[in-house]
Amino acid sequence: MPSKPWDVFTLDDFNLKGRTVLVRVDINSPLDPKSGRILDDYRIRSHMTTIRDLEKSKVIILGHQSRPGKNDFTTMNAHAIRMSQILGKRVEYVDGLFESHVRQRIRAMEPGQKILLENTRFYSEEVVLKGEKQNFEGTHIVKHLAPMIEFFVNDAFAAAHRAQPTLVGFAGLVPNLAGRVMQKEIEDMGRAFDPGLSPKIALLGGVKVDDSIDVARHMLEDGSMDKVLTMGVVGQVFLMASGLDIGEGSTEFIKREFPDHKEMIKETKSMLDKWGDRILMPKDVAVGNNGRRNVVALSGLPVPEPIMDIGIETIVEYSKHIRDAKLVLVNGPAGAFEYDKFSIGTTETFRSIAHSRAYSIVGGGHSTAVLENLDLSSSIDHISTGGGSCINFLAGKALPSVEALERSKRIFEKGPFQKH
Ligand code: 3PG
């Protein structure tokens with residue numbers, strides 16, 4: 001059960017046989033930028049339950065890959081191939097979103113056929129329009145696709161914290177239904193709000209620092225988490241905000257990656273002033289270049305090499321908190337885990353979580369790959385397909401996609417569509 005009961009349509013509320021159904025998935029996956037090869041297909045595999053449940057429908061699938069400007073921002077061709085392999089049935093890639101050739105293809109669809117449209121973020125409306133107050137229904141994407149479909153299924157839990165046309169724009173136009181991934185995520189993670197699960201701790205790592213800081217503030221403010229343990233680049237920003245010079249390599253990285261880093265650090269500092277006793281920062285770090293791992297205590301900083309991982313003292317301290325907690329959430333790695341020498345922080349904290357008795361939730365695309373490599377997936381209570389959406393949900397924040405699903409139910413529940 002979520003923080004508050006949710007009231008949405010699901011696939012069980014309608015007979016979708018022969019119907020034209022637009023399914024928004026989140027198959028944004030780690031890709032090898034050179035070959036375009038999908039490095040981890042966890043999200044793609046997760047959505048197959050929904051797609052299989054729509055076997056007798058005409059299924060139009062929509063998704064995004066990465067963000068404009070990133071080196072893995074590309075077409076959905078590889079995703080369609082991978083989906084076809086998993087399903088053992090063809091998922092045809094159509095290189096457009098609402099152009100006339102796409103609309104023609106949709107009109108010609110037969111029940112049982114599945115097509116995957118182009119990366120929604122190739123279209124400026126999807127990336128530029130943000131925030132709840134936008135007229136998503138008036139976008140070309142929604143205006144062109146809505147008349148072609150009878151139902152919209154939102155299965156993109158991993159993007160549920162984004163208010164964007166292909167996620168929330170169809171709510172008032174056709175019945176919106178939660179797909180199987182969306183349903184399972186909200187229902188399984190809702191357990192985290194059980195007041196008996198205390199203390200609750202969140203380990204926030206990775207590079208999506210802006211999302212993590214915003215969520216950490218919310219978690220500490222409303223008490224949805226007792227403590228926040230920082231690592232990865234998130235931890236580095238907290239260290240900077242505490243007044244520490246973290247060295248040229250890491251400082252330059254943060255300045256380059258986050259144009260609004262000054263604001264970010266100011267905000268982080270005010271959080272430390274308010275909740276310094278509930279925010280944990282690394283006690284030591286591993287720095288390195290050319291694969292050399294050197295562990296330095298904070299008193300040994302600054303050094304010119306970039307921080308690549310947390311050190312052993314931090315691992316020990318974080319593991320103790322994990323052992324004592326009743327709920328542990330982890331989102332994002334502790335360091336540059338893709339290099340063997342800097343994977344220790346991530347693998348050791350994940351091992352502690354897998355061996356703890358706490359209700360454990362792991363989020364973030366990269367985290368799932370790490371768990372699978374370590375063969376620890378079965379020891380985790382819930383592996384979320386989401387990163388930002390997972391931590392936003394557990395911080396008790398409203399998710400635009402969930403709100404759109406609820407709004408759509410209110411609009412359409414008295415309509416002529418319902419099966420029962
Ligand atoms: C994710 O990977 O967390 C989702 O696909 C959302 O991606 P975004 O952070 O680029 O909006």
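Tutor: Start with the criterion. A salt bridge here is a side-chain nitrogen of Lys or Arg within 4 Å of a carboxyl oxygen of Asp or Glu. The model is predicted, and side-chain atom pairs count only at pLDDT 80 or more. Searching the whole structure with that criterion gives 25 salt bridges.

Take Arg-162 and Asp-211. Their side chains meet in a salt bridge, with N to O at 3.1 Å. The pair links distant parts of the chain, 49 residues apart. Arg-162 sits in the loop between strand 6 (151-154) and helix 6 (165-168), while Asp-211 belongs to helix 8 (residues 209-222). Both Arg-162 and Asp-211 are buried.

Helix 8 supplies a partner to another pair. Asp-214 meets Lys-397 in a salt bridge, at 2.5 Å from N to O. Lys-397 lies in the loop between helix 15 (388-394) and helix 16 (400-412) and Asp-214 in helix 8, so this pair ties together parts 183 residues apart in sequence. Is Asp-214 buried or partly exposed? Asp-214 is partly exposed, because its relative accessible area is 27% and buried means under 20%.

Now the pair between two loops. Glu-305 forms a salt bridge with Arg-292, and the closest N and O atoms are 3.9 Å apart. Glu-305 is in the loop between strand 12 (294-297) and strand 13 (307-310). Arg-292 is in the loop between strand 11 (284-287) and strand 12. The pair therefore ties together parts that are 13 residues apart in sequence. Glu-305 is buried, with a relative accessible area of 18%. Arg-292 is partly exposed, at 45%.

Salt bridges can also share partners. Asp-41, Arg-45, Arg-82 and Glu-372 are joined in this way into one network.

Last, the helix packing. Helix 13 (residues 344-355) packs against helix 14 (residues 365-374) at an angle of about 75°. Their axes are 11 Å apart. Angles of 65 to 115 degrees count as roughly perpendicular, so helix 13 and helix 14 are roughly perpendicular to each other. Which residues meet in this contact? Helix 13 brings Thr-346, Thr-347, Phe-350 and Arg-351. Helix 14 brings Ser-367, Val-370, Leu-371 and Leu-374. The contact residues divide into four nonpolar, three polar and one charged.

Terms used
Residues are numbered from 1 along each chain as its sequence is written. This is a predicted model: local features need pLDDT of at least 70, side-chain atom pairs count only at pLDDT 80 or more; totals for chains, interfaces and linings use all residues. Side-chain values use heavy atoms; hydrogens and water are left out. Axes are lines fitted to C-alpha atoms, for helices over the stretch in contact, and angles run from 0 to 180 degrees between N-to-C directions. Helices (H or I, at least four residues) and strands (E, at least two) are DSSP runs, numbered from the N terminus. Angles under 35 degrees count as roughly parallel, over 145 as roughly antiparallel, 65 to 115 as roughly perpendicular and the rest as oblique. Contact means heavy atoms within 4.5 Å. Ala, Val, Leu, Ile, Met, Phe, Trp, Tyr, Cys and Pro count as nonpolar, Asp, Glu, Lys and Arg as charged, and the others, Gly among them, as polar. Buried means under 20% relative accessible area, exposed over 50%, partly exposed in between (1.4 Å probe, protein chains only).
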